[in-house]
Amino acid sequence: MDSTLLSWLVFVPTIGAVACLLAPREVTRTVAMLASGISFVLSLFLIPPFLGAGDEMNAAAVFGSSYGDALHFIQRIPWINGESFTIEYFLGLDGLNLPLVILTTLISLLAVWASWNFDEWKINKGKKGYFALLLLLETGMLGTFVALDFFLFYIFWEVMLLPMYFLIGVWGGPRKEYAAIKFFLFTLAGSVLMLVALVAMFFYSGAAVAEYPELAVSYRDGASVLTTGTFDLIELATNEAIQKYFGESLFLGWRFAPVMFIFLFVGFAVKLPAVPVHTWLPDAHVEAPTPISMILAGVLLKMGGYGFLRLCYPIFPSGGQFWAGTLAAIGVVSILYGALCAMAQTDFKKLVAYSSVSHMGYVLLGIAVMTETGFQGAMFQMIAHGISSPMCFFLVGVIYDRAHHREINRFGGLWLTMPKYGTMATIGFFASLGLPGLCGFVGEVFVLLGTFEARHTFTWAVPAAILAAAGVIFTAGYILWLIQRVYLGPQKPEYADYPEATGREMAILMPLAALCVVLGVLPRVVFDYMNGTLRNILDQIL
Amino acid sequence: MESYSNYEIYLMTGTMIPFVSFVILMLFGHRLGKPLSGWVTVAAMASSCALATMTLVGWMGEIDGGTSAGLTAAAQLNQVTWAHLGSIPLNVGVKLDSLTVVMYFMVTFVATWIFVFSVGYMAGHSDEVDGQSKYHRFFCYLSLFGFSMLGLLCSSSLLFLFVFWELVGLCSYLLIGFYFDRKYASNAAIKAFVTNRVGDFGFLFGLMMVAFFLGTFDLEQAAARFAEQYQSHIGLFAGDMTIDLLGWEISGGMVATMMGIGLFCGAMGKSAQFPLHVWLPDAMAGPTPVSALIHAATMVAAGVYLVARVFRLLTPDAQMFIAIIGAITLTLMALIAIVQVDIKKCLAYSTLSQLGYMIFGMGCGAWIAALFHLMTHAFFKAMLFLCSGQVIEGCHHEQDMRKMGGLIRKMPVTAFTFLIGVLAIAGFGIPLAGIGLGGYFSKDEILAVAWDRAFLWGEPLEHHGDGHADSTTDDAPDSMTHTGPQAIRLVSRHAHVFGWNGGVIAGASAAPTGLVEFGRRDRGLTPPAIDYRPSGASQDRDTSRDRDASRGRDTQGAPAGFALASDPQPDEHGAAHDAGGGEHHPAAGAWQRSGGDRLWRVLFWCALATAYVTPFYMMRAWWMTFMGKPRDEHVYHHAHESPLMWFPLVVLAVFTFVSSYWLFRPLIADAAPTASGGILVAGYDGVADDAAAAAGQLIHVHEAHHWLAYGVGGSWLIAFIAAIAIYRGGLALPTRLKAAFGPIATLLERKYYFDEVYGLVFVKGCVAFAHVCRFVDTYIVDMFANLLARMTERLANFSGNGVDARVVDGVFNGIAVTSFDISDMFRSPQTGRIRNYVLFAAGGAALIVLFLIVMASLSAGPVAVASTGG
């Protein structure tokens, strides 16, 4: 099914960005709101083809019988033609990126709305630039999620980087330059390796089709044979010749698949972020303005998990097998280490940042064990975290706007001062804690179950599950302690006259809170739209 | 999907009503205001209670009509899929059986009256802490609790049980921390939640095993598959159902035991069993109605309910573990209660001890008795807490019993209802006459089963008394000779041991044999045969025939042998076994009269001794509060009762009197055969005769009861006399006694230093470790990043300012200068600008060469890469 809807979706924010620059300063934020609102509405139009996918009978029709079999909203235009290569402008949608696209447009919309009080910020210069960059960032994120050509993917990946750099570096806190450069360099270091992989994968796929021409049947129509190398992510994963060749060839003396896997992995692990390359995250979060933190935690971190599932595993399954133990260890360490670091923080925002490290550890663990349950859990955890962590960051932002500091130990009794806000905070943080009935629980439990399920494949699976499960105790510890220090206790005189959360603030918190509950109570709302693709990927790699 | 029966609709509606009230209060609570939001909650819970009563009455009719089992089975089919776990569907459904019906009734009934009490109690307690009222919030949480607790009882799936389990935990957290402006309240709330999380960690692990070894979360299906696996010739959790803990492989029954213990960990948290008991006393920081409802009657009993539900998934070792934990809890906590002076804390420790009784009962296999005790306890303990609430409220928030005394004159209703509670918990009754309060029957029944398990199960039957010691004795040393993990594996694989020691299993395995005699005589029922044998499957089949013969009974439905090992063991064990006792009863091969047996006796004696302690501390509390002379004029002066509060007391007191035996026990007994007919351990009293039970006769475990009638029948009287004797003359004698017992009293007063040790090891330790992590993260991990950055900067500096500016530039400048000099030299004889041309020409040539080289290498590059790959 061909469609230009995805292109519109991706570039409406860009148009909005240009409009922001052109429009008078007074209406900038309205324009930005409009642009992000339109893209959110457009993203909802992506859902219809996936409706009814929860039914086993429909699942095959919606998701296809194998990976890449039933992509929706495909747009494929030859873009850069060389003598021996074609770079395509290739967008498409399946169960893997659909939930993430909707999450992106939603969080972007809320982030724009969270920037509504831009004029009251400490650094309130360059309003046009700020909103334009925010929208440009949205284009980058959406593009990364829907691009199915590796080259295009890489370009969007880099497009994402620059706006973020400026958003932190210009409108950030006191150490913004340090944080911005750190963010930039860490991400860039990852993308350099990705670039190497990009080039190598292209040439190796070219060699593959030359080596096994009889196997190189393209997935596109099932008949034509590939003659040159390709950047097509689905082709790389499904073409038998390429898969065979990738599996057996060497790269600088090492097996090709594990090496490429790790090249790609590093880039995504930085984004995820996994310990020990997580260190940019707390700094970036602490310095970034609230809406940017929301996007950073809500969407940007998901690029890592998405990258694993779109690139690493389908294309290099043997790499996944090879590194499974290492990856799971990194995941478990991230869970525990992140939680412990969070426990020791006194900066509110830093605590939430470290909790992201801990939560995204579950994503890595769930993917590393390569079971269906694990994949489901990891994907769900990404969505759940994409909802609960922007909510937490916004909760921090609300109180920062009033107190102008984030020192946890100086707060206290805020629930008495701001009861509505306190209720929202309880929902947000309990969702983050993984309370059943809220979204955080489902992802965690699925990851744990998935890890346990892998006990025949990996001897470390059960210990990993035990350690990861122990993480929930630490999580409960630091979150409850946080709630106690900030929201409970006697009212402090210096905060006693704080106004209750405004209508706008509640309006941003409400949908997130509602989603926390809905996803926790009815996880099928998400599962139904992605399970089919995850199963196809697993069929592909196992 | 079948259509829903009325009962399911009642239960579901009854569960949703409190949720609706929760939503109403959340949205409009502050507008409804002070008394109204309370009454909304009461109305909601009362409607649920009405539905529960309709269900209960109808259900009793169904039981009489013999249609109840059909309804249970039909309800089982009404499932909605919530999500898919891989290929395992996660279904939601209503569990409809006698246990749910009776528990549901108990919870709604107690909750309704506690809510009524709360309306009175909170009138004076919600506003004192801050400028604005939190009154509606209290009832909002109570509604949420009602919903979660009822959901827990209705869940047919373990996963949903877990979800509601956590939700009641959340409500508990919110309500304990209701006065969150007080530090100790929010501390207590956190403590409760985190301690429960520790238990849930185990629960979660148990759930994983249930999910992947039994392939379902559904309670019924899980039990059925458990039985099926056990009866299949390879045995329980055989085949690929192993857990590999980094080389230490666990399989078979050991895994099943771990699963059982894992699930029980959840119960340990919720029911506050040793060593996770520490949160419950602190939970008294919450408002008193909360203590009554959540921390005495319902939520803390959920742990017992859980064990009852998963009873069929327990192995003898898991049961053993449960019994040990229960016995430790009931003994240690009862002792602490003796020295408590805070009226609520005293009741809290009493609750802990009674929960220990229930858990101990479950561990003994006293399925009915434990649940029966849960029921009776729920009524009288809720009442006792409400009484204490009345006292505290009346005495102007004074909780210290040392300042009370003589309150009977000011609060007669409270004093008498409290006394009824004391009598009930003390096990007041007239031995051998069948007259007594609820607690008398239920506690006696637990003790009777425990006695039976300790003494009767241990009797080896003559016809297989000998010839088997050898097989056990040769097993034990054999596994001992191995060391380390291998030895453990050996034990778990070969021996009739799930993990503890040979004797334990031996005791358990011999048990049913004893039970057979018993069961036959009393009930004409045959519990399933249980046979834990060291040998492998093939051998089992060979010998099962002669076992049947020697036992002379039908083993239909019984396992063909219980093989613990995943692989047959054709080794010396089997050989020795055959040689030693080939023609004997194989079950006896596992039999030995040793530690396990003795352990059961120790446990029994603990429980028995505590039966003397309980009446003592309860009478002590009652006497200190209500009798004697007033010790604090201010408190005494202020004391009063209010009708909204004492009326619920009376209702509960009446129920404590009449309810239990005639109403609850038959229903629980009805649920028992399906719920406790586990294949590994038969619920000992799980096959009671309904008709006889309804008549109020304890016909089963006859012998034990006769024995116990003399043993503990008068315990309440003796202990009452002792307590009154000590506290009659005020606090002088107790103070002297305390001084005399010095260190022991201190140990008890400090609660065995659990809080201190946990605080130091876990809380401080964890926070310290967190700080270490933070240090590592801020200084070491970050330092590497910064170091790398700085090194790069240095390198750039070096190459930019050093190499480039000095060396490269220097070279070029040098060349320039030199060439200038040279050209200068050359210039002197010449006049033209030839040096420019020369330089341009040379530079241009160099650039062209460089460009060509680069181009050549670039065009060759990819090819080179690709060919390396090929």
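Where is the kink in H7(B) centred, and how many degrees is it?

A: Happy to take you through it, bearing in mind that this is a predicted model. The kink in H7(B) is centred on Gly199(B) and comes to about 25 degrees. The helix itself covers residues 183-214 of chain B, 32 residues in total. From first C-alpha to last, H7(B) reaches 45 Å, which is close to the 46 Å expected at 1.5 Å a residue. Just after the helix comes Gly215(B), whose phi is positive, at about 70 degrees.

Now for the place where the two chains touch. Here 57 residues of chain A are in contact with 48 residues of chain B. On the chain A side, the elements that give two or more residues include helix H7 (176-211), helix H13 (317-343) and helix H15 (372-403) of chain A, along with strand E3 (250-251) of chain A. The largest share of that side comes from H19(A), with 13 residues. Sorted by class, the side of chain A that touches chain B has 37 nonpolar residues, 15 polar and five charged.

Chain A also has a hairpin to look at, formed by E1(A) and E2(A) with four residues between them. Strand E1 (residues 72-81) and strand E2 (residues 86-93) of chain A run antiparallel and are joined by seven bridges. Within this pairing, Arg76(A) stands opposite Phe90(A) in E2(A).

Definitions and conventions: Residues numbered from 1 in each chain as written. Chains lettered and ligands numbered in written order. Predicted model: local features only at pLDDT ≥ 70, side-chain atom pairs only at ≥ 80, totals over all residues. Expected span 1.5 Å × (residues − 1). Bend = angle between axes of the 7 residues up to and from the residue. Pairing = 2+ DSSP bridges. Contact = placed C-beta atoms within 7 Å. Nonpolar A, V, L, I, M, F, W, Y, C, P; charged D, E, K, R; others polar.
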